[in-house]
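This report walks through one protein chain, beginning with a single residue and widening the view step by step. Please keep the sequence and the structure at hand while reading.

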Amino acid sequence: STSKHRNNIMVIRIPVKRDVLEMETEDLLIDAEYGEVGGMTESGGRKRNAKIGALIGLAVLVAVFLLQIDSTVSEDVMEDSEEVIHKDMHGSSFGGINNVASPGGAKAAAQLAGVAYEDIIVPVSNVGHATPSLNEANIRNLVGHYMHDEHRSPYSSHLYEKPKEFLDKQQEEYLAKMKRVREEWGAWSFRDPATKKRTSAEFEKAPYKDLDATKFPESSWQVDEEYNKEFLKEAKALVKRMQNAIYAEYGWPIKPDMTQEEKDKHDELWKIHVDPLEPTKTRPQTGIATLTNAGMDGLVRKLLHGMMTHDDFYVVLAGHSAAAGHGNDFMQNRIMTFHTILEPVFDKLGMRLISRNMAMGGVGTLQFSLAGGDLYGEADIFEWDSGMTEKGPSVDLFNKQAILSGERVPLIMTEDRFFFNIVEETGGSAYMGQYVVDNKPIFPDTTLETVKTIPYAAQWFDQSQEKYNAVCWESRSDFTPETNQKEHPGSQVSWHPGNRHHTWQGRRLALIVLHALTLALDKWETETSANGYPLAESHWHVGSEYEAIRDKLRKHISTPKLNDDNEDVRSDCEKVYSWIPRICRVQMHGFGMWSPRVLNDFDFLNLIHPAPNGYVPDYPQNNLYNGFDLMPLSQALPDTEIDVHAVAIATTYPAPNDLDHDWTDGDDKESGNSESPPTRRYLQQASEAAMNFRSETAMQDVRRKMEENGRRRLADDSEIIPGRGWEVHGWDPVNQFCDGSAQSECSRTPGNDCLLYGANDKHMDVAGSSMSGWLVFTVPKVQEGIIMIRMEWWCFMSGGAHMANGWKEVNDGKTSDTTPYNATSSGGQRRLYTSEPLLPPESRRLKPTFEQVVPADLEMDWAINGTIKSMKYDEWKDYTAEAVKNVAIWPLLNDLEMAEKKWDGAPVEVAIRFRSEQKPNLPFCISHVYYA
């Protein structure tokens, strides 16, 4: 396996001569069925997956045959597997055969070789309340292999629409640059000192991977003194290089001849403070950040745990549009800049870093917090930055659900005013931290006269000049948008920071992690020197500590509104929705249609039952293209600047000697032969096929979930028949992959004039009117007796297209009709919703009031397992009050008896419909269902 994170699974890649499979793979890539540049129809996709499956089977048969008849192949396999075993634990996983944007990687992909075509196994936690947070794309990580290949410039790819001579020069300059980096900064050079095979410890058998020290195999690296010492030496040197590179990047290098005064000044400005963060204590005004004692100790423990177990490490940002990076390209936002420099560091230390920007424009965090960890996913570090759109009790809910949800208890980075009482409520054990607000002393004033004397990263900190450098498109040789692309994204407004500010914010977080790594590695070295190997469990086991923090929080939260002195003793969280304070004590869950969303498994559409004719709401369009975007040439860092990323990826490992990067700049499809190298067109087709590929295992998994999640009816009630008039509505209703990660493929809507923007935040919902019939869905596991939904009454206040517009009867009079649904039939056409103007012309720019939009005769019926209840206009209106911007919640189930039962919960079928004679065609929109 190319991944060091798949415990106890080893797939040995067998070298097979190219000409054995050449004829079939070329047919695969060039077949006209898929289009000239690898695009394919739905049926073509199925045929292509079937062909790939057949070819993989053929490859295995050929390989087994060769192993039986050719002893030299067997020897090659053993040599290759030995190298992987010894280097892969703490080597560099990126690039090489897996970089499908390089000529050599594309040629390998043409042979179905590399991670693009591996059968990916997504790890599953054995902790029952863990949140699934990994997808196949995160594990393949083709963009990481493209960005972090130390031997191939990302700017030399054949996918750029540039002459070969230009691309060759990029590669030449890159190799020279990486040589300089290794000479000036040093490089990762770890090699296993032993020659024996290593056996992996069986971490998956222990909850939280907290394996007993006695269960480590004798041949595992964790118990090998020589291995540990060599690894710790390399790891500490790498972390120090990264810290020093960031300092130098901003003009504050560590020099051997620094005076004590200079050292003190440097420490003052770059310090990571650690203190209890008591409410009355004066906060540091200089430095990078302050963490509580528990926060830093917890982060150190997490990192030791991750390194000891080869675990995943999740960093998640929640916030508003500024945090989301609006105005910049997606890969320029703060979490992606953090990820870009630390992913290769984590990789060398044996961990997989997953970083997600889950921020959303126009809202706070409540719409996701109510779903616990299901929409945000697991988090080891959880940043909150939503001060412009959210304040008060809802942030306390964010804190509490961050602690209660999922497998991990995260370090929460927020403003100290939003700690509320979380430190006290957890007995001082919550992991909390905050950034120092004013970092301006680090940055010199930039003027037109001084700009050339200041490092690029530190220029124009006041953002008065050169605030943004985002672009809307980088011309590709394999895809040309039909819509003309703008020069730069929109939303470049005063309150949205530019790319340098996002880079700096990412560097601050990186410095916190690097400081914690320094402490972790020091502890590892000190403790093992004194007490032997492996590192004692007390330093890296996490499960008991997580559970203790949660237990303290649950026990501390008060439920009575008043104490004996008539004082309100509820936590701020319990005031968000006073009618259901239980959401602050239990792990919440949810499905939604807004993105980013950690997994498509949690899409609300997965729960909805089809109408009798088979109709079910679905996304009407797909992405224009698949795969990662190319790095814009205009954003390349000048060679004269400190390149922190280059320091992170540098190793002393040689380039793979079995990869041939030779190619020609022709347009024909021939792959070439031993005398003539392949053409650009051939490489394009190979790269695109690799980026489009989804394993049959993943496809089967999708189909299975579609069948299991909500397709079975729990109640057979003739009055409740799923309607045929509900449809997907909202911002860019496209079937997209928007998980907030570097692997996301978002905002690629047909007609989009800024495709490289890549923003992951989209507001979508299911819309239905009184003519749409029942919306029926099944909530998979209700244990605490809580079901709520988020709805909008104003989603169609200005009109819009909806399939049920113009219908005179519910379901167009076809409620029980079983004639198979056809999206091109008249029943599937969307009609414009029109009505009388809601406001007089002179007031048209004002937002209509609830009374102007919602008819006074509105009623909402809902059913729980077939039992129908109704809510009339006045009661329904009460729930339109928004706890935070754009988030109004309606309760459907609040059953205390269910919560008191000793049980594991059960599926609950829910149905919703609207009724109005005054405005029967006015749609309302449902975006989320929350439950516990």
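Arginine 408 is buried, with a relative accessible area of 8%, where buried means under 20% relative accessible area, exposed means over 50% and partly exposed lies in between, with a 1.4 Å probe and protein chains only. The model is a predicted one, in which local features need pLDDT of at least 70 and side-chain atom pairs count only at pLDDT 80 or more, while totals for chains, interfaces and linings use all residues. Residues are numbered from 1 along each chain as its sequence is written, and side-chain values use heavy atoms, with hydrogens and water left out.

## Arginine 408 and its surroundings

The place of arginine 408 is in the loop between α14 and β6; helices (H or I, at least four residues) and strands (E, at least two) are DSSP runs, numbered from the N terminus. Leaving out residues up to four places away in sequence, arginine 408 touches Lys302, Asp311, Asp312, Tyr314, Glu378, Ala379, Asp380, Ala402, Tyr546 and Arg550, where contact means heavy atoms within 4.5 Å. With one of these residues, aspartate 380, arginine 408 forms a salt bridge whose closest N and O atoms are 2.9 Å apart. The pair links distant parts of the chain, since arginine 408 lies in the loop between α14 (393-404) and β6 (411-413) and aspartate 380 in the loop between α13 (366-369) and β5 (381-385), 28 residues apart. Aspartate 380 counts as buried because its relative accessible area is 2%.

## Salt bridges

A salt bridge is defined here as a side-chain nitrogen of Lys or Arg within 4 Å of a carboxyl oxygen of Asp or Glu, and by this rule the count comes to 44 salt bridges.

| Lysine 205 | Glutamate 202 | 2.9 Å |

Elsewhere, Glu719, Glu859, Asp861, Lys872, Arg913 and Arg915 are linked in a network of salt bridges.

Is threonine 290 buried or exposed? Threonine 290, which lies in strand β2 (residues 289-291), counts as buried because its relative accessible area is 1%. Although threonine 290 and glycine 433 are 143 residues apart in sequence, their C-alpha atoms are 5.7 Å apart in space. Leucine 637 lies in the loop between β9 (621-622) and α19 (644-649) and is partly exposed, with a relative accessible area of 29%. Leucine 637 and tyrosine 456 are 181 residues apart in sequence, yet their C-alpha atoms are 8.7 Å apart in space.

## Backbone details

Most residues other than glycine have a negative phi, and most peptide bonds are trans. In this chain, a cis peptide bond joins tyrosine 533 and proline 534, with omega at about 0°, and another cis bond joins serine 595 and proline 596, with omega at about 10°. Proline 534 is found in the loop between α16 and α17 (537-540), and proline 596 in the loop between β8 (589-592) and β9. Asparagine 865, in the loop between β17 (859-864) and β18 (867-872), has a positive phi of about 50° although it is not a glycine.

## The chain as a whole

The chain has 24 helices and 21 strands, and of its 932 residues, 58% count as buried. Among the contacts in the chain with a separation of 6 or more, residues 24 or more positions apart account for 79%.
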